[in-house]
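Reader: I am new to this structure. Please show me how to read it, one feature at a time.

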Amino acid sequence: MKIKKQPVISWLLEDDYSPKNPFEITVPNINNMTHVAYLSNGLKFLNRVREDKPDWGLPELLMPSFQKVMEKSAKSFYDIDHQLFQEFSNDEICGILLDKSFGTIIYGFGENTLYVWLFRDVDGYSILYNYFYFTSTPDNVRHLYCWPSLIKDPQLFNQQSTEHEEIYSCVANLLITYLAVKKYAQVETIIVPSNGKLIVEDEIQGYKKKVKVLNESGQEVIIMDSRWFVKIINDNDIFVRGFFRMQRYKNDDGDWAKKLIFVDSFIRHGYHRNAKIEDENTGNPEPENT
């Protein structure tokens, strides 16, 4: 799996980002000028949001194991959808999510509204192909605001894509469940450095797959995984800051004692970490990081 460099991500995360040409981040070149105008307004609004310098965090990539946890917990989260919606709105949560089905999802909560921008990467260009927003009511009903004919545009959505009428609810469900699992479930985040690589092994209900993640985005990227299902092989150099710790030693009498020492900063050369399910199946404790 290769994470490519995307102009829209660099634009959002880098204050001094200067595009190589004015069309790196743009709207599709389609025949329906009403749709072009609508998407252009969505891009202008994203620019105004960017000017407020929100904390987007790092781009996040969902692994199959994390999505499995989402699927299992989605139903329970639907019952408190409005409560979650309010929590994320009050905290003004925003971020960048890399998704196989929908591309690059830029999202942000504000004024009890969830705003969503969907981008496709086309030959190094970031193309905004959909923009919409939701509000939520106390009885867990969402109200969608979008240009109604946009998803019927054949130049934007082909017949193989998700059922057009379901795109909006699918994206909203994905974001709410993802943020809820991220906040309330036991998950782990692994940062893949720029120009770094990671080997991830997913084992879900007997299905096992090894994924090599190569980050060429120009930024660090967070891998969202389930600690239970995923084995990580990280061969990148990791900078560890200096820290204090209690060190065991033998005193002059030959007895064990402890003293406070300072460990200087150092470079740790990667680590291997088993999935918990693997350790349980083998009956072996998880080995120390190497």
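This is a predicted model: local features need pLDDT of at least 70, side-chain atom pairs count only at pLDDT 80 or more; totals for chains, interfaces and linings use all residues.

Reader: What share of the residues is buried?

Author: Buried means under 20% relative accessible area, exposed over 50%, and partly exposed in between, with a 1.4 Å probe and protein chains only. Of the 290 residues in the protein chain, 45% are buried.

Reader: Which residues have the most contacts inside the largest nonpolar core?

Author: In soluble globular proteins, nonpolar side chains tend to be buried together. A nonpolar core is a set of buried Ala, Val, Leu, Ile, Met, Phe, Trp, Tyr and Cys residues joined through side-chain atoms within 4.5 Å. The largest one holds 68 residues, and Trp117, Phe119 and Tyr178 have the most contacts inside it. Helix H5 (residues 167-184) gives the most to this core: eleven residues.

Reader: What is Trp117 in contact with, beyond its neighbours within four places in sequence?

Author: Contact means heavy atoms within 4.5 Å. The partners of Trp117 include Phe45, Leu46, Val49, Ile105, Leu128 and Tyr131.

Reader: Why is strand S4 described as largely enclosed?

Author: Six of the six residues of S4 (residues 94-99) are buried, so the rest of the structure largely encloses this strand. Cys94, Ile96 and Leu98 point one way, while Gly95, Leu97 and Asp99 point the other way, and all are buried.

Reader: Which strand runs antiparallel to S4, and how many bridges join them?

Author: Two strands pair if DSSP finds at least two bridges between them. Strand S5 (residues 103-110) runs antiparallel to S4, with six bridges joining the two. Leu98 stands opposite Thr104 in S5. A hairpin is formed by S4 and S5, with three residues between them. S4 also pairs with strand S3 (residues 60-62), in the parallel sense over two bridges. There, Leu61 has Leu98 as its bridge partner.

Reader: How many residues of S7 are buried?

Author: Ten of its twelve residues are buried, so S7 is largely enclosed by the rest of the structure. S6 pairs with S7 in the antiparallel sense over ten bridges, and Asp121 stands opposite Ser126 in S7. S7 also pairs with S8, antiparallel over four bridges. Tyr133 has Tyr145 in S8 as its bridge partner. Strand S2 (residues 25-26) runs parallel to S7, joined by two bridges.

Reader: What is the phi of Asn140, and where is this residue found?

Author: Asn140 has a positive phi of about 65° although it is not a glycine. Asn140 sits in the loop between S7 and S8. At 31% relative accessibility, Asn140 counts as partly exposed. Glu111 is another non-glycine residue with a positive phi, of about 55°. Glu111 lies in the loop between S5 and S6, and at 73% relative accessibility it counts as exposed.

Reader: Is helix H4 mostly covered or mostly open?

Author: H4 (residues 81-90) is mostly covered, with seven of its ten residues buried. Among the buried ones are Leu84, Phe85 and Phe88. Their cover includes helix H3 (64-78), S5, S6 and H5.

Reader: Does Arg50 count as buried or exposed?

Author: Arg50 lies in helix H2. At 17% relative accessibility, Arg50 counts as buried. Arg50 and Trp11 are 39 residues apart in sequence, yet 8.7 Å apart in space, C-alpha to C-alpha. Not counting residues up to four places away in sequence, Arg50 touches Trp11, Leu12, Glu14 and Asp15.

Methods: Residues are numbered from 1 along each chain as its sequence is written. Side-chain values use heavy atoms; hydrogens and water are left out.
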